[in-house]
Amino acid sequence: MPSAVRTTRFEFSGVSGLSASFKTVGVLGGMGPDATIDFLSEVVSLTRAGCDQDHIPMLVDNNTKVPNRQAAILGDGDDPGPIIGQMGRRLEAAGADFLVMPCNSAHAFLEPLAELTTIALISIIEVTADACKDCSSVGILATDGCLEFGGFQQALRDRGIAPVVPEAPDVAELMRLITRIKAGDKGPEVQRSMRVLAGTLVERGAEAIIAGCTEIPLVLSEGELPVPVISSTRALARATVAAAVAESR
């Protein structure tokens, strides 16, 4: 991760929204919009609340015009960093106490965010890697750009965990599936194909599978493989709930 970025990490411990006073979360969203909605839903479901007022306040910039992160990483697209930085600045100005971004590939473009904001970002990559602490090898299902960026590989190695990444033909198939999910296709064929790709990593020794693109948890869930599925969306949601409570104390 770029060293200039202020990141913070919190451990989820089953905190309750009942009678709690929360900090406000700023969500850098729209990458993609369905994945953003899934993240918001996870935060709501992880907060035990008795009424509206018990839930965590979230400011959401669901900006679908952020340039393609994969193309930018691979040298064939506009830099999304400046827009991400502007989004963060707007969220901070609107009252966000900290930021989250439910897009893994976008974490390759954090420098403008660090320059334009003064509040911390919870890294989806770091908190997802934290969730793998009991494993010695972990498979990574992520976009071609995210794999090229290498954020997950480095985060796992930093924790003494061996990353297992898809072979080139499987990355191409994964990108095809992610494109279909972004277009609204979350049907049985896409689900089955995603399980096959994950199973290939398990056969190569992965003790868990990171769903390292926030579209993947829309079609691949815990319990569908012989090893744990670690949703980066849920890992970020858990850290968000923990931070919203911890920061308010």
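Aspartate 185 pairs with arginine 180 in a salt bridge, with 2.6 Å between the closest N and O atoms. Aspartate 185 is partly exposed, at 26% relative accessibility. The model is predicted. In total, the structure holds 10 salt bridges. Salt bridges with shared partners also join Glu126, Asp130 and Arg159 into one network.

A further salt bridge is formed by the side chains of glutamate 167 and arginine 204, at 3.8 Å from N to O. Glutamate 167 sits in the loop between strand E6 (162–164) and helix H8 (168–182). Arginine 204 sits in the loop between helix H9 (188–203) and strand E7 (209–211). The pair therefore ties together parts that are 37 residues apart in sequence. Glutamate 167 is partly exposed, with a relative accessible area of 45%. Arginine 204 is also partly exposed, at 39% relative accessibility.

The protein is divided into domain 1 (25–124 + 235–245) and domain 2 (126–231). Their C-alpha centres lie 21 Å apart. At the interface, 21 residues of domain 1 are in contact with 20 residues of domain 2. The area buried between the two domains is about 1500 Å², and carbon and sulfur atoms give 57% of that area. On the domain 1 side, Asp34, Asn104 and Ala235 lose the most area to domain 2, together 31% of what that side buries. The interface of domain 1 and domain 2 is crossed by 1 salt bridge. The side chain of aspartate 34 also meets that of lysine 186 in a salt bridge, at 2.8 Å from N to O.

Helix H3 (residues 81–94) has 14 residues. From first to last C-alpha, H3 reaches 20 Å, close to the 20 Å expected at 1.5 Å a residue. Its buried residues are Gly81, Ile84, Gly85, Met87, Gly88 and Leu91. Seen down the axis of H3, these buried residues fall within an arc of 160 degrees, so they line one face of the helix. Their cover includes strand E1 (25–29), strand E2 (58–62), strand E3 (98–100) and helix H4 (111–116). The face turned away from the buried side carries the exposed residues Ala93 and Ala94. Just after H3, glycine 95 takes a positive phi of about 120 degrees.

Aspartate 61 pairs with arginine 90, with the closest N and O atoms 2.7 Å apart. Aspartate 61 lies in strand E2 and arginine 90 in helix H3, 29 residues apart. Aspartate 61 is buried, at 14% relative accessibility, whereas arginine 90 is partly exposed, at 44%.

How values were computed: Residues numbered from 1 in each chain as written. Predicted model: local features only at pLDDT ≥ 70, side-chain atom pairs only at ≥ 80, totals over all residues. Heavy atoms only, no water. Helix = DSSP H or I, 4+ residues; strand = E, 2+ residues; numbered from the N terminus. Expected span 1.5 Å × (residues − 1). Buried < 20%, exposed > 50% of the residue type's maximum accessible area, 1.4 Å probe, protein only. Arc of directions from axis to C-beta. Contact = heavy atoms within 4.5 Å. Domains from an automatic or database assignment. Buried area = accessible area lost by both parts, 1.4 Å probe. Salt bridge = Lys/Arg side-chain N within 4 Å of Asp/Glu carboxyl O.
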